[in-house]
Amino acid sequence: MKFKSEKSIKEYLKKLPDDTVIKYYLDVEYSPFPVLVIEEYTRRFKKKQKTR
């Protein structure tokens, strides 16, 4: 896949299986787009706290 923009990278990350996103997140320092990997990981796995 050829990445032409930030949008194409985000779409690529959304299509990856959970285990691959976790693997990328754990090795984020080696990623060419670490901020986007962290954002996708957070979107999938970090639950927002409930307000009472």
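The crossing of α2 and α3 is left-handed. That is one detail of a predicted model. Now for the whole chain.

The chain holds three helices and zero strands. Read from the N terminus, its elements run α-α-α. Of its 52 residues, 23% are buried. The chain exposes about 4,700 Å². Carbon and sulfur atoms supply 52% of that area. Contacts also reach along the sequence. Take those between residues at least 6 apart: 44% of them join residues at least 24 apart.

Start with α1, which spans residues 6–15. Ser8, Ile9 and Leu13 are buried in this helix. They lie on the same side of α1, because they cover an arc of only 140° around the axis. An α-helix has 3.6 residues a turn, so residues three or four places apart point the same way. The other side of α1 carries Lys7 and Lys15, which are exposed. What covers the buried residues of α1? The cover includes α2 (18–26) and α3 (34–45).

Now turn to those two helices. Two packed helices are described by the angle between their axes and the distance between the axes. For α2 and α3, the angle is about 130° and the axes are 9 Å apart. That angle makes α2 oblique to α3.

Which residues meet where α2 and α3 pack? From α2 come Asp18, Val21, Ile22, Tyr24 and Tyr25. They meet Val37, Ile38, Glu40, Tyr41, Arg44 and Phe45 in α3.

Methods: Residues are numbered from 1 along each chain as its sequence is written. This is a predicted model: local features need pLDDT of at least 70, side-chain atom pairs count only at pLDDT 80 or more; totals for chains, interfaces and linings use all residues. Side-chain values use heavy atoms; hydrogens and water are left out. Buried means under 20% relative accessible area, exposed over 50%, partly exposed in between (1.4 Å probe, protein chains only). Helices (H or I, at least four residues) and strands (E, at least two) are DSSP runs, numbered from the N terminus. The arc is that of the directions from the helix axis to the C-beta atoms. Contact means heavy atoms within 4.5 Å. Accessible areas come from the Shrake-Rupley method with a 1.4 Å probe; for residues, only the protein chains shown count as cover. Axes are lines fitted to C-alpha atoms, for helices over the stretch in contact, and angles run from 0 to 180 degrees between N-to-C directions. Angles under 35 degrees count as roughly parallel, over 145 as roughly antiparallel, 65 to 115 as roughly perpendicular and the rest as oblique. A crossing is left-handed if the near helix is turned anticlockwise from the far one by less than a right angle, and right-handed if clockwise.
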